Number of protein chains: 2
Amino acid sequence: MQFDSLDDIRAFCRDLPSGNSRAVAEAAQRQQTLTKPPGSLGRLEELAVWLACWQGHEIPKLERVTTAVFAGNHGIAVRGVSAYPQAVTEQMVANFASGGAAINQIAALAGAELLVVPIELDRPTRDFTIAAAMDADEFLAAVDIGYRTGPPDSDLLAVGEMGIANTTTAATLCAALLGGGAARWAGRGTGVDDAGLERKRETIDAALSLHRAILGDALEVAATLGGRELAAVAGAILAARRHQIPVLLDGFVATAAILPLVRLEKGMLDHCGAGHVSAESGHRALLAELGLEPLLDLGMRLGEASGAAVAILLARAALACHAGMATFSQAGVSGADS
Amino acid sequence: MQFDSLDDIRAFCRDLPSGNSRAVAEAAQRQQTLTKPPGSLGRLEELAVWLACWQGHEIPKLERVTTAVFAGNHGIAVRGVSAYPQAVTEQMVANFASGGAAINQIAALAGAELLVVPIELDRPTRDFTIAAAMDADEFLAAVDIGYRTGPPDSDLLAVGEMGIANTTTAATLCAALLGGGAARWAGRGTGVDDAGLERKRETIDAALSLHRAILGDALEVAATLGGRELAAVAGAILAARRHQIPVLLDGFVATAAILPLVRLEKGMLDHCGAGHVSAESGHRALLAELGLEPLLDLGMRLGEASGAAVAILLARAALACHAGMATFSQAGVSGADS
């Protein structure tokens, strides 16, 4: 195992690998020479420089792009917090395998390899209104699965999840670590009705009350109130940092999954970009708390890395311009009047 | 010529071709059957249905995608309203031809054919603080060039422009047709300093004062205060409507170019989507006036159809899901609990 204890994760977060400042300076300088007014490609320029930062080259590449989707089941599903039955998690994993889901289409379009990792779907986490969802060992095992997913030579990782009831899990993590209670973080997920939304809120508040003793410890929260697929997302983020791979996060659940790590060390976000902001109500608030500005705002709320995978297309546009455009001198174009 | 007089354009706008409501119903129904919670792909679902509407098929296609960039020069460039000299218009057209501009890279990535149409660059429009920029015949000639650009069998058209000083032209059109004067519509364009911005405002207000007698006639405004590349954009929009081709608009100038048509007939926008919202300050206000919600908000302000071309990637993502996803029954996935 990469991390044998929660303390191992804490130690990793205290000494995070940093990006390459020379590559940042070179890439930013290159952007100034390309045939466009400085800054006029907006976030496409930022994306190119950010890819350069983590890949460590003035001109980054996107030859090997990976999309990882982790799937898990949740004890709290019995509380009626989702519009869909728990069996849908496994059914959707089968749909991913046979190529029928949205992420299959988007990943193929974006030229990204798709890795789908179901984690003990026949063993849901415990209902955290009654007990801890996972103990530390169960949490670490799921983190490890995420850590070992995805090739260390990826140029970019888009990460997402699938798990019936997991917007309730995500909202519980946010409420535990950021405050505001269920009212602030519970949304309609896949589309619950008013009664379902009320059940979500009750579930979250019950969990916060039961586990109030551990709310001050971010990793205890991640185990006690989290889920296996969320732990795996966190593991994948840690591995990406180790291997200097930039990451595009998907929606509310994927972002909530890394919140415990960010509470340990704010710099954890440096290699992470928000692929999009979801229509799930808590996501916009969570991104604002984290200071992440999403690349896309398309009203998507599907999960399964679909928003992050669409954002890969923006990274490709950014790189195409960064690598392919002529400079002012190459093209014989006059610069700005001085 | 497609339109021999301004009245010919008015007549076309009174009797606009409409989309295919049967294809809309079929495409919307198809979206309900795909393996995702209804609505969870957000604007990607809307995009797929909109493409279906104009192509007239439940499953539209994006085999032939066209990007058109019209270029023109402006008499008002002599007023010091741009950070770049007028020669840059022609230099950038050469850069488009040799493949060195941003739009070359993005169009190639998006699988779009790029058509660059310089229009009488050696004959700038007249300085509209002194005289009409174009007379009706000059305007109609430029509209005609736009109308004849682009194959009638395109599946999607992204349209943009290049022309030093043309954010001043666009702001003048907006002020003339929507009110608020220069203060509301003048922005920094390619990056003018405070003195340049003040010159832009003076230019716009001087033009509005000189031509106040014609401000009530949208097409007279388009000729008198417009530009050749803006007229060509309008022509391309008219041709796209005739041929039932959906259109993605680029930034402030391209959107302002169709404003006169929209003033004639609001339904002109039905086949037009806003590819993005530009960082040029007037664009967000203009889109709000038109009720257009941009697909992207990336702080881009380059023109040359670059934002619209990035949005082609979103159309491809939308179509990939619409055409390629399995249905609930095909995949054996359970629907929502009832």
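Author: A residue is called buried when its relative accessible area is under 20%, exposed when that area is over 50%, and partly exposed in between. The model discussed here is a predicted one.

Reader: With that cut-off in mind, is I103(A) buried or exposed?

Author: I103(A) belongs to helix α5 of chain A, which covers residues 102-109. Its contacts beyond four places in sequence include T67(A), V69(A), F96(A), L114(A) and A305(A). Since buried means under 20% relative accessible area, and I103(A) has a relative accessibility of 0%, the residue counts as buried.

Reader: How far apart in space are the C-alpha atoms of I103(A) and G160(A)?

Author: Along the sequence, I103(A) and G160(A) are 57 residues apart. From C-alpha to C-alpha, the distance in space is 9.8 Å.

Reader: What is the secondary structure content of chain A, and how does its radius of gyration stand against the globule rule?

Author: Chain A is made up of 15 helices and 5 strands. The globule rule gives 20 Å for 338 residues, and the chain is as compact as a globular protein of that length because its radius of gyration is close to this, at 20 Å.

Reader: What share of the residues of chain A count as buried?

Author: The C-alpha atoms of chain A, taken along the principal axes, fill a box of roughly 70 × 40 × 35 Å. The accessible surface of the chain comes to about 11,200 Å², and carbon and sulfur atoms hold 49% of it. Of the 338 residues, the share that counts as buried is 64%.

Reader: Which share of the contacts in chain A with a separation of 6 or more joins residues 24 or more positions apart?

Author: One such pair is F128(A) and T203(A), which are in contact. For the chain as a whole, residues 24 or more positions apart account for a share of 79% of the contacts with a separation of 6 or more.

Reader: How far apart do the centres of the positive and negative side chains of chain A lie?

Author: The chain carries 26 positive and 38 negative side chains. The centres of these two sets are separated by 2 Å.

Reader: What kind of axis relates the two copies?

Author: Chain B can be laid on chain A by a turn of 180° with a shift of 0.0 Å along the axis, and the RMSD is then 0.0 Å. The two copies are therefore related as by a two-fold rotation axis. The same surface serves both copies, and the part of the contact residues of chain B that recurs in chain A is 100%.

Reader: Which residues of chain B other than glycine have a positive phi, and are they buried or exposed?

Author: Most residues other than glycine have a negative phi. A165(B), in the loop between β3 and α7 of chain B, has a positive phi near 90°, and at 6% relative accessibility it counts as buried. A305(B), in the loop between α13 and α14 of chain B, has a positive phi near 70°, and at 0% relative accessibility it too counts as buried. The residues asked for thus include A165(B) and A305(B), both of them buried.

Reader: Is T168(B) buried or exposed?

Author: T168(B) lies in helix α7 of chain B. Leaving out residues up to four places away in sequence, it touches I76(B), V81(B), K200(B), T203(B) and I204(B). With a relative accessible area of 0%, T168(B) is buried.

Reader: Where is F128(A), and is it buried or exposed?

Author: F128(A) sits in the loop between β2 and α6 of chain A. Its contacts beyond four places in sequence include I76(A), T169(A), L210(A), H211(A) and L225(A). At 1% relative accessibility, F128(A) counts as buried.

Reader: How exposed is E113(A), in terms of relative accessible area?

Author: E113(A) is located in strand β2 of chain A, and it touches R64(A), V65(A), T66(A), T67(A) and P151(A), residues up to four places away in sequence not being counted. The C-alpha atoms of E113(A) and T67(A) are 5.9 Å apart, although 46 residues separate them in sequence. E113(A) is partly exposed, and its relative accessible area is 31%.

Technical notes
Residues numbered from 1 in each chain as written. Chains lettered and ligands numbered in written order. Predicted model: local features only at pLDDT ≥ 70, side-chain atom pairs only at ≥ 80, totals over all residues. Heavy atoms only, no water. Helix = DSSP H or I, 4+ residues; strand = E, 2+ residues; numbered from the N terminus. Rg over C-alpha atoms; globule rule 2.2 N^0.38 Å. Buried < 20%, exposed > 50% of the residue type's maximum accessible area, 1.4 Å probe, protein only. Contact = heavy atoms within 4.5 Å. Areas by Shrake-Rupley, 256 points an atom, 1.4 Å probe, with all protein chains shown as cover. Lys, Arg positive; Asp, Glu negative; His and termini not counted. Charge placed at Lys NZ, Arg CZ, Asp CG, Glu CD. Least-squares fit on C-alpha atoms with pLDDT ≥ 70 in both.
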